[in-house]
Amino acid sequence: MKKKFKSLAVLVLVVLLTLTTVGATVISSGTCGEKITWALDDTGTLTVGGTGEMESKLIQWQQALDSMSGSVKKLIIQSGVTGVGYGGFSGLSALTSVVIPDSVTTIDYCGFSDCNSLTNIPACKNVKNIGYYAFSRCLGFRDVTIPNCVENIDGWAFSQCTNLNSIHIPNSIVSIGDGAFADCTNLASIIIPEKVQSIGHSVFNSCKNLKSIYIPVSVKTIKEYAFYYCDTLTDVYYEGSEEQWKQITIENKESSNGELLFSATIHYNSKAPNSNTVTDKPSDWAKTEIDAAVAAGIIPEHFLKNYTMPTTRADYCALATALYEMIKGEIKELKSFVDTNDINVSKMAAIGVVNGVGNNRFDPDAKLTREQAATVLSRLASTLGKPFASTNPNFGDKAAISAYAIEAVGQVQSAGIMSGVGNNIFSPKTDYTRQQSIITMKRLFDFVVKK
């Protein structure tokens, strides 16, 4: 027995050394599983590491969770942890940033429920299942995107997210459990993915502002109370024909479940409004290269819309992170800024691809300029081990390019990654659009992979 306790103590000590954020001091630590340890430091970062799934029902972990509920701002789950256990991080009211490694495949019952400062589902690559009540009562949720690795949404997973206005459900989803979006009273519209066969019991119960829903032809059953108290539902867009609609089993047709559906206007043979994949089209000149970028799998799904709109600084970090992690693997280092908790910004800053604007600020929503894009592309190429040849640009407006960006603009011009806007003009201070961002990131991908 003494030997066992001694081994555990040594394990905790060793792991704590790896859990501590550089420059921070651990203020509390412990275990949440036979091979899982945790440490909270004085910056508000909670780091969980080890191997296997958390044993979150342990009394000592629940006590620790209660004691630090308002202290944890950032959560880092290290590679090796395979699942967020029962109630794993429930009630962390100050939590704004979460890092989920590729090793995590499931978020269990109440995993992040009542985390009211979270504004979106944490980015992840291999999570297949979102468990019962996993994000229930996350009042910071407004416009949410479910990662396209997720296949199953269990019952009541997003129930009582009362500030949720919209949720993007990817076509990877196969099943949506009972009550998954019940009491999401601000939800205005929903698109059911194309693989879902059943709209479960009370899925949209009491979604009192739900006005429209798109239902694919794959749906065969609409269960009892699915649309109970959805009093504002006016439009149902159905992919199939009227005859196919009549073949759907609708439980309790005589109840409000059926009455609300049949009092709405059914639009047969409809395409999904605000499609799950593309909400508008790129310019004709950009379409071929954007299609190639999508086929290569290097563009985050949420980026495939609003092509002609300016790219923000945070947007570009999302593109850069997706490219880097596809080639090199997950970035585990993070650098924080006072004005953003965006995980992609933190990752790109940590590896030196982007910098702040001063006073530990990043200005994530500022529009990206063409010279800034060139600088990021140059740094990203170097970080990926394929630096561009050093050269100066020969654009007619070279004098207008900022000193910090001169070499980078020359490099991307010489490498064929970026060109001018016409008449040998680079226009360095002009906004960089989303479709331009996608195209040049694909060109960089080709440069790095095929060089």
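I began with Gly30 and found Gly30 in strand β1 (residues 26-31); helices (H or I, at least four residues) and strands (E, at least two) are DSSP runs numbered from the N terminus. The model is predicted, so I kept to its limits: local features need pLDDT of at least 70, side-chain atom pairs count only at pLDDT 80 or more, and totals for chains, interfaces and linings use all residues. Residues are numbered from 1 along each chain as its sequence is written, and side-chain values use heavy atoms, with hydrogens and water left out.

**Gly30.** I looked up its burial: Gly30 is buried, at a relative accessible area of 17% (buried means under 20%, exposed over 50%, partly exposed in between; 1.4 Å probe, protein chains only). Leaving out residues up to four places away in sequence, Gly30 touches Thr37 and Trp38 (contact means heavy atoms within 4.5 Å). I also checked Gly30 against Cys317: the two are 287 residues apart along the chain, and their C-alpha atoms are separated by 34 Å.

**Helices α6 and α7.** Cys317 is one of the α6 residues that meet α7. I read an angle of about 65° between α6 (residues 313-328) and α7 (residues 343-350), with the axes 8 Å apart. Axes are lines fitted to C-alpha atoms, for helices over the stretch in contact, and angles run from 0 to 180 degrees between N-to-C directions. That makes α6 roughly perpendicular to α7 (65 to 115 degrees; under 35 is roughly parallel, over 145 roughly antiparallel, the rest oblique). On the α7 side I noted Asn344, Val345, Lys347 and Met348. The residues of this contact divide into seven nonpolar, two polar and two charged (Ala, Val, Leu, Ile, Met, Phe, Trp, Tyr, Cys and Pro count as nonpolar, Asp, Glu, Lys and Arg as charged, the others, Gly among them, as polar).

**Cores.** The largest nonpolar core has 75 residues, and Phe158, Phe181 and Phe204 have the most contacts inside it. A nonpolar core is a set of buried Ala, Val, Leu, Ile, Met, Phe, Trp, Tyr and Cys residues joined through side-chain atoms within 4.5 Å. Elements that each supply at least two residues of this core include β2 (36-41), α2 (59-67) and β18 (235-238). A second, separate core has 50 residues, among them Leu380, Phe388, Ala405 and Ile406.

**Helix α9.** Ile406 is also one of the buried residues of α9 (residues 406-414). I found that the buried residues of α9 pack against α8 (370-383). Just after α9, Gly416 takes a positive phi of about 80°.
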